[in-house]
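Subject: Structure for your review

Hello,

Here is the structure I promised to pass on. Please open it alongside this message.

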Amino acid sequence: MAAAASAARRVPGPEMAAAQRVVAELREACAAGEMEGGLAVEGGGTMKMIVSYVDSLPNGGEEGLFYALDLGGTNFRVLRVRLAGGEKERVAERVVRRGVMIPPGLMSGDGATSERLFGFIASALAEFVAEEEGGLGSGAGGGCRRELGFTFSFPVHQTSIASGTLIRWTKAFAVDDAVGEDVVAALQVAMSRRGLDMRVAALINDTVGTLAAGSYYDEDVVAAVILGTGTNAAYVEDAAAIAKLPTGPSSTMVINTEWGSFAAPCLPLTEFDEALDAESLNPGEQTFEKLISGMYLGEIVRRVLLKISSRCSSLLGGDGELATPFVLTTPDVSAMHHDETPDLSVVGETLSHRVGISGTSLETRRVVVEVCDVVATRAARLAAAGIVGILRKVGRCVVPGDGRRSVVAVDGGLFEHYGKFRRCMESAVRELVGEEAAERVFVKLASDGSGLGAALVAAAHSQSRTLN
């Protein structure tokens with residue numbers, strides 16, 4: 001058994017171990033060129049570097065009543081936020097309606113049209129407003145029109161702070177007549193038809209929202225990262241560095257990197273990554289996301305364990321359900337990775353319940369934990385390298401003696417709930433920036449950017465218009 005375990009440990013291959021050691025440094029070195037290419041021209045790099053048109057982040061001085069609509073999947077949420085300006089309790093009131101489920105027939109199929117989809121959303125929004133305000137009149141602050149921040153987490157070509165055409169649907173959506181159309185205009189029409197006096201003040205995605213939510217409480221936030229089912233990053237760029245941006249009055253601009261699409265020869269891929277990509281719904285796309293996001297880590301572990309089983313059948317006692325794609329989830333990997341019981345009973349129970357492999361030995365369970373550790377460590381170091389690449393792109397952690405704080409706001413279940421992933425990522429950030437700079441770099445959890453952040457961006461741009 002000892003010999004089998006030793007052989008099994010080698011199955012992930014030297015390429016996986018090499019990736020774990022060098023991937024962070026390679027990723028950081030390659031990212032700069034991809035980012036520059038994407039800022040220069042559309043399609044100039046695998047990172048899209050989308051201009052968000054958010055040139056004014058909240059600073060804590062915003063006040064008034066604002067709404068937010070968060071549409072990122074089969075459910076959507078509505079927020080009502082009252083901001084108290086410079087007072088200690090900046091968010092004086094927050095009411096959330098969670099989990100308004102969209103009927104499947106409105107998301108895809110013959111009956112799925114833009115008018116029906118946005119009509120349903122607008123009806124739910126109007127109902128929420130009526131419940132909170134007691135009616136649909138101009139009750140949002142002294143007769144002023146209500147302002148809405150719209151988080152729309154699907155690919156759009158944004159043309160202003162409050163307009164953007166849908167490039168394509170993802171997830172479970174397939175509303176064909178909405179593609180190529182302005183999603184803000186569609187929502188505005190639907191709201192008007194339902195007598196809802198509300199204006200979409202800002203269109204953002206969840207990563208830009210996380211940046212806004214983080215900067216609202218800490219002025220030193222310079223970037224935001226989503227590490228959940230998917231992954232993305234946004235940061236504040238000098239407008240002069242964005243060659244594809246028409247010359248304008250703004251000195252800075254938030255860039256939505258779409259870093260999940262990053263791919264380059266310097267990014268080491270294993271046989272498991274290549275097979276996963278080839279069998280995915282989008283082969284050749286979202287390479288970086290497939291290496292580090294919560295949707296895929298469990299699947300990578302499954303593929304490694306399946307090869308171990310094929311090489312050393314006595315170790316796992318058969319394949320069980322290991323041949324079933326995505327039968328192992330990232331929460332399963334996290335549970336096994338964090339197992340501190342003397343006999344690794346959590347590992348044993350997970351293998352039994354999830355993949356039908358029971359009666360494993362302690363040595364086998366240790367091999368499984370080691371696989372989880374290798375996959376999670378590689379992902380964490382990749383994420384860290386991406387973060388440091390962004391920091392250095394904006395001139396942070398470059399000049400010795402630079403006393404500025406650099407804060408990165410992070411949202412997403414992978415970062416929030418997978419403790420070993422989070423600690424490894426934070427450690428890798430410190431390692432990459434160096435001991436001196438690490439004292440001024442902070443990675444902080446910033447929850448609910450997709451909701452609160454949208455309301456805050458709407459508030460910041462509403463205030464900006466008032467001042468101008």
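Predicted model: local features only at pLDDT ≥ 70, side-chain atom pairs only at ≥ 80, totals over all residues.

Overall

The protein has 468 residues, of which 55% are buried. Its secondary structure comprises 17 helices and 13 strands. Taking the contacts between residues at least 6 apart in sequence, 69% join residues at least 24 apart.

The α11/α13 pair

Two packed helices are described by the angle between their axes and the distance between the axes. For helix α11 (residues 330-337) and helix α13 (residues 362-393), the angle is about 120° and the axes lie 9 Å apart. α11 is therefore oblique to α13, since an angle of 65 to 115 degrees would be needed for roughly perpendicular and one over 145 for roughly antiparallel. The crossing of α11 past α13 is left-handed. On the α11 side, the contact is made by V333, M336 and H337. On the α13 side, V368, V369, C372, D373 and A376 take part. Sorted by class, the residues in this contact are six nonpolar, one polar and one charged.

S52

S52 sits in the loop between β1 (50-51) and β2 (63-71). Its relative accessibility is 4%, so S52 counts as buried, the cut-off being under 20%. The side chain of S52 comes to 2.7 Å from the backbone oxygen of V254. V254 is also among the residues that S52 touches, together with Q158, S160, I161 and V208, when residues up to four places away in sequence are not counted.

D277 is located in helix α7. Its side chain makes a polar contact of 2.6 Å with the side chain of K290. Besides K290, D277 touches N282, P283, G284 and E285, again leaving out residues up to four places away in sequence.

Q286 belongs to the loop between α7 (271-278) and α8 (287-292). With a relative accessible area of 15%, Q286 is buried.

Backbone angles

Most residues other than glycine have a negative phi.

E436

E436 is in helix α16 (residues 435-438). At 45% relative accessibility, E436 counts as partly exposed. Setting aside its neighbours within four places in sequence, E436 is in contact with P400 and G401. The C-alpha atom of E436 is 9.5 Å from that of D402, and these two residues are 34 apart along the chain.

Where to look

Regards

Terms used. Residues numbered from 1 in each chain as written. Heavy atoms only, no water. Axes fitted to C-alpha atoms, helices over the stretch in contact; angles between N-to-C directions. Helix = DSSP H or I, 4+ residues; strand = E, 2+ residues; numbered from the N terminus. Parallel < 35°, antiparallel > 145°, perpendicular 65-115°, else oblique. Left-handed = near helix turned anticlockwise from the far one by under 90°. Contact = heavy atoms within 4.5 Å. Nonpolar A, V, L, I, M, F, W, Y, C, P; charged D, E, K, R; others polar. Buried < 20%, exposed > 50% of the residue type's maximum accessible area, 1.4 Å probe, protein only. Polar contact = N/O pair within 3.5 Å; in protein donor to acceptor, adjacent residues only side chain to side chain.
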